[in-house]
Amino acid sequence: MKRIAMASDHAAYSLKEIIKPYLIEKGYEVVDFGTNSEASCDYADFAHPAAYAVESGDCDFGIAMCGSGNGIQITLNKHQNIRAALCWLPELGALAKQHNDANFLVLPGRFISDYMAKEVVDAYLAASFEGGRHQLRVNKIPVK
């Protein structure tokens, strides 16, 4: 069973609470790093622990969200071994995995419907990294 790290801020809390049971129904184990309410909070407080869980191998990959998706994506991508992709269409979710080996899917909580968020999640989960020329590009991402 794959373990998914989840994180959100207050602006995307309600979407997280929709996606979390959706993933559990699909047979995934979800590790929820918060937030746990719609009370104003800072996305970084939840993004960093989720990123560490993926980097350490405690979780296989992650799904994160904030209002626009930008703040939490920027925070996640500060980690050298995280490749977080902001996606709002299923095609983007699939390509994030296929071409970039994204290990975090990021959703824009205030700019995506619940239905479309599930479609993006499904496309991301169904995709596989294609390797080849894409691996050469992924190898160039970390700052050394």
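Aspartate 101 is partly exposed, at 24% relative accessibility. The bands are these: under 20% relative accessible area is buried, over 50% is exposed, and partly exposed lies in between (1.4 Å probe, protein chains only).

Aspartate 101 pairs with arginine 83 in a salt bridge, with the closest N and O atoms 3.4 Å apart. Aspartate 101 sits in the loop between α4 (90-100) and β5 (104-108), and arginine 83 in the loop between α3 (70-76) and β4 (84-86), so the bridge ties together parts 18 residues apart in sequence. Here a salt bridge means a side-chain nitrogen of Lys or Arg within 4 Å of a carboxyl oxygen of Asp or Glu.

## Basis of the model

This is a predicted model, in which local features need pLDDT of at least 70 and side-chain atom pairs count only at pLDDT 80 or more, while totals for chains, interfaces and linings use all residues. Residues are numbered from 1 along each chain as its sequence is written, and side-chain values use heavy atoms, with hydrogens and water left out.

## Fold and dimensions

The chain has six helices and five strands. Both are DSSP runs numbered from the N terminus: helices are H or I with at least four residues, strands are E with at least two. From the N terminus, the order is β-α-β-α-β-α-β-α-β-α-α.

The C-alpha trace spans about 45 × 30 × 30 Å along its principal axes.

## Burial, contacts and surface

Of the 144 residues, 49% are buried. Among contacts (heavy atoms within 4.5 Å) with a separation of 6 or more, 70% join residues 24 or more positions apart.

Glutamine 73 lies in helix α3. At 18% relative accessibility, glutamine 73 is buried. Beyond its neighbours within four places in sequence, glutamine 73 contacts Ala84, Ala85, Leu86 and Val106.

The accessible surface is about 7100 Å², and carbon and sulfur atoms hold 51% of that area. Areas come from the Shrake-Rupley method with a 1.4 Å probe; for residues, only the protein chains shown count as cover.

## Charge and salt bridges

There are 14 positive and 17 negative side chains, and the centres of the two sets lie 8 Å apart. Lys and Arg count as positive, Asp and Glu as negative; His and the chain ends are not counted. Each charge is placed at NZ of Lys, CZ of Arg, CG of Asp or CD of Glu. Side chains of opposite charge can pair when their charged atoms come close. The chain has eight salt bridges.

One of them joins arginine 3 to aspartate 58, at 3.3 Å from N to O. Arginine 3 is in strand β1 (residues 3-8) and aspartate 58 in the loop between α2 (44-56) and β3 (61-66), so the pair links parts 55 residues apart in sequence. Both residues are partly exposed: arginine 3 at 23%, aspartate 58 at 41%.

Lysine 16 and aspartate 32 form a salt bridge with their closest N and O atoms 2.7 Å apart. Lysine 16 belongs to helix α1 (residues 13-25) and aspartate 32 to strand β2 (residues 29-32), so the bridge ties together parts 16 residues apart in sequence. Lysine 16 is buried, at 0% relative accessibility, whereas aspartate 32 is partly exposed, at 26%. Salt bridges link Lys16, Glu17, Lys20 and Asp32 in a network.
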